[in-house]
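Hi everyone, thanks for coming. Please have a look at the model on the screen, and then I'll walk you through it.

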Amino acid sequence: MLAYLSRRVVLALLTVGAISVLSFVIIRLPPGDYISSYIASVSMSGGFVSEQEVQVLRREYGLDKPVYVQYLRWMGMVVQGRFGVSLEYRRPVSEVIGDRLWLTMVVAIAAVVLTWALALPIGIYSAVRQYSLGDYIATFVGFIGLAVPSFMLALVLMYLGFKYFNANIGGLFSGEFDLAPWSLAKVWDLAKHLPLPTLILALAGTAQLIRIMRANLLDELSKPYVVTARARGLSERRVILKYPVRVALNPFASTIGYLLPYVVSGSIIVSLVLGLPTVGPLLLRALVAQDMFLAGTIVLLLGVLTVVGTFLSDLMLLWIDPRIRLEGTR
Amino acid sequence: MAAADQPILDVRDLRTYFFREEGTVKAVDGASFEVFAGRTVGIVGESGCGKTVTAKSILRIVERPGRVVGGQIYLRRAAHNGQASTVDLATLDPDGAEIRRIRGGDIALVFQEPMSSISPVHTIGNQMVETVQLHTGLGASAAREQAIEMLRLVGIPKPERRIDEYAFQLSGGLRQRAMIALALGGHPRILIADEPTTALDVTTQAQILDLLRHLQAQEQMAIVLITHNLGVVAEMCDEVVVMYLGRVVERGPVDAIFHAPKHPYTRMLLRSIPSIHAQVRTKLPTIAGSIPHPFNRPRGCPFHPRCPDFMPGVCDQNEPELRAVSESQAVSCFLYGAP
């Protein structure tokens with residue numbers, strides 16, 4: 001067990017290293033750098049940047065050094081817990097992300113909880129009452145949910161909300177609270193704005209999860225251990241919930257790996273459409289502006305979270321599935 | 001004692017159909033047999049002739065789209081006032097409380113695959129304690145004591161340690177023993193064992209059969225042994241029921257079935273047992289053809305397309321019924337009485 005865990009930790013660290021190289025390379029892939037896109041945006045608004053200014057900027061940000069030196073310098077900072085300065089915001093990257101990070105987490109965790117709360121019961125119902133009217137309805141709604149892109153759903157809901165309820169449902173705060181310091185009133189304002197983005201973000205995942213839960217459970221329902229449980233005189237509810245549902249839930253533990261980065265980045269497009277102040281749109285803008293330290297930090301963060309999430313889901317599987325936990329101990 | 005002459009389980013004309021989109025499958029189509037306390041009935045037949053569905057029908061756990069559509073399943077139970085009462089399981093609500101008390105409490109089921117018949121993510125003890133508590137109302141620690149006793153009874157060494165293990169940690173033989181212990185948790189009077197030894201090697205088979213006989217003597221249990229292994233039948237059973245395509249084609253005491261089989265199907269089954277006295281390098285006789293597809297069951301006697309004694313104009317026109325040919329033996333065949 002200990003050998004297994006330490007092997008996983010070492011592998012995880014190696015993976016994180018590889019991710020850091022990859023994210024740096026990917027960010028440097030597009031031609032040009034922050035300075036050239038800065039020049040472009042300045043000259044687009046009619047300004048002018050002198051050659052001398054460009055040289056100064058390049059030197060200031062270390063962009064005149066070879067790529068591997070830039071990478072090593074960046075890594076050197078990261079190891080010390082500093083992530084560099086956002087070229088665009090001219091503030092430390094950790095500060096720029098920090099503002100948005102926990103708002104993203106609030107929205108995403110709410111969405112994940114809602115997804116599971118909706119999908120698991122519906123999935124169980126769909127499997128147990130296979131081919132019933134309820135199953136067909138769930139399947140129909142599920143496929144619609146899968147087929148309709150969530151930004152489309154967001155647009156439609158925003159339109160409907162604006163037209164019929166005269167409510168502007170974008171963002172997470174009303175205008176007057178946007179820049180206000182935290183107060184109870186601001187929290188309450190957030191709570192009022194939260195349900196709609198949560199619902200939109202949750203629906204796409206819900207449809208998918210219903211299908212997965214239904215398929216998993218259908219596989220288990222006809223297994224002999226279910227028949228045996230029934231033959232022992234247990235009530236149908238107990239038979240279903242204690243045995244096949246428990247087994248069908250195991251694969252979900254391995255989805256935690258993908259859940260964590262999702263919780264942090266959120267859905268970029270939906271966040272853009274709804275104007276949510278989350279990390280997703282920030283990443284998009286950083287990539288467009290070639291704000292390499294900001295973009296690199298976010299990509300690195302997502303990569304690390306994926307690795308951590310996978311590690312956590314492995315631990316969770318060990319905990320809930322005796323077949324894995326006790327492998328080789330017989 | 002008059003009660004001993006009466007069967008504790010009396011299945012009459014049981015019919016279980018599966019209503020599929022492609023048509024109706026008559027998995028069990030008029031099966032009748034009796035089970036007596038302390039005795040063993042063997043149900044034999046090829047795969048797909050309705051043995052397992054019969055067992056599930058008795059417990060009313062046939063999966064959709066299957067349903068018990070006809071017949072009676074009379075279970076005699078000792079009522080609280082000492083008077084015996086009879087209940088027809090076929091009329092009970094399959095989700096009701098009464099049939100749930102009977103499942104595991106009066107009639108228990110042991111399956112052929114001990115590995116997949118025990119939950120892979122719960123310990124054996126977890127499932128045993130659950131059953132004991134359900135049927136006895138004991139507290140958790142008393143139920144655990146009893147579960148350990150049960151494991152000891154079925155011959156599992158170090159039961160107080162094994163009880164916290166999972167099915168996959170046990171060997172095949174121990175697993176089947178645990179499965180039997182699990183079934184015995186509610187002190188059933190009837191044990192239905194569906195191919196209990198099929199997945200085991202020969203030595204273990206013999207041990208499990210010994211165990212069943214031992215338990216039967218100790219608990220005065222009736223056993224319904226479902227198998228296609230006629231050797232097991234000869235060793236274990238008092239009565240034999242031969243099924244073909246969902247029907248009972250012959251039934252009688254084990255000696256009569258083995259020494260004076262009446263139905264051509266029974267005879268052919270017996271002839272296809274490998275014998276130690278057979279000439280070497282001779283082919284083992286088999287039953288020609290295979291079981292017809294359930295959607296197009298043949299007209300008349302269901303066995304007539306494969307029957308060596310097929311009488312044209314009789315067997316393909318009329319359906320034979322189970323008729324007594326002696327005091328204890330009954331057969332459904334026109335060889336023993338024209339339609």
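Let me start with a question: in chain B, where is confidence lowest, and where is it highest? It is lowest in helix 3 (residues 114-117) of chain B, with a mean of 84, and highest in strand 3 of chain B, at 94. Those are pLDDT values, the predictor's confidence in each residue, from 0 to 100. Chain B has a mean pLDDT of 87, with 97% of its residues reaching 70 or more. The model scores ipTM 0.85 and pTM 0.79.

A bit of housekeeping. This is a predicted model, and local features need pLDDT of at least 70, side-chain atom pairs count only at pLDDT 80 or more, while totals for chains, interfaces and linings use all residues. Residues are numbered from 1 along each chain as its sequence is written, and chains are lettered from A and ligands numbered from 1 in the order in which they are written. When I say helix or strand, I mean DSSP runs numbered from the N terminus: H or I with at least four residues for helices, E with at least two for strands.

On to chain A. The domain assignment gives domain 1 (16-79) and domain 2 (97-325); such bounds come from an automatic or database assignment. The C-alpha centres of these two domains of chain A lie 35 Å apart. Their contact takes 12 residues from domain 1 of chain A and 12 residues from domain 2 of chain A, where contact means that C-beta atoms, placed from the backbone, lie within 7 Å. On the domain 1 side, helix 1 (2-28) and helix 2 (34-44) of chain A each supply at least two residues, and helix 1 of chain A has the largest share, 6 residues. By class, that side divides into 7 nonpolar, 4 polar and 1 charged. For the classes, Ala, Val, Leu, Ile, Met, Phe, Trp, Tyr, Cys and Pro count as nonpolar, Asp, Glu, Lys and Arg as charged, and the others, Gly among them, as polar.

Now a helix pair. Two packed helices are described by the angle between their axes and the distance between the axes. In chain A, the axes of helix 7 (residues 150-165) and helix 9 (residues 195-221) come within 9 Å and cross at roughly 145°. Axes here are lines fitted to C-alpha atoms, for helices over the stretch in contact, and angles run from 0 to 180 degrees between N-to-C directions. Which residues meet there? From helix 7 of chain A we have A:Ser150, A:Leu153, A:Ala154 and A:Leu157, and they meet A:Leu196, A:Ile200, A:Leu201, A:Leu203 and A:Ala204 of helix 9 of chain A. That contact has 8 nonpolar, 1 polar and no charged residues.

Over to chain B and its sheets. Strands pair if DSSP finds at least two bridges between them. One open sheet has 4 strands in the order 2-1-4-5 of chain B, with antiparallel pairing. Its edge strands are strand 2 and strand 5 (84-88) of chain B, each pairing on one side only, and the twist averages 15° from one strand to the next. Strand 1 (residues 9-20) and strand 4 (residues 66-78) of chain B are joined by 8 bridges; B:Asp10 has B:Tyr74 as its partner, and B:Arg15 stands opposite B:Gly70. Strand 1 and strand 2 (residues 23-35) of chain B pair over 10 bridges, forming a hairpin with 2 residues between them.

The other open sheet has 8 strands of chain B in the order 6-7-8-3-9-10-12-11, with mixed pairing. Strand 6 (107-110) and strand 11 (323-324) of chain B are at the edges, each with a single partner strand, so one side of each lacks a neighbour in the sheet. Within this sheet, strand 3 (residues 40-44) and strand 8 (residues 222-227) of chain B run parallel, joined by 5 bridges, with B:Thr40 opposite B:Ile223.

Last, how do the chains meet? The contact takes 21 residues from chain A and 25 residues from chain B. Helix 10 (224-231), helix 12 (244-253) and helix 17 (322-325) of chain A each supply at least two residues of the chain A side, and helix 10 of chain A gives the most, with 6 residues. That side of chain A divides into 9 nonpolar, 4 polar and 8 charged. Thanks, everyone!

Notes
Two residues are in contact if their C-beta atoms, placed from the backbone, lie within 7 Å.
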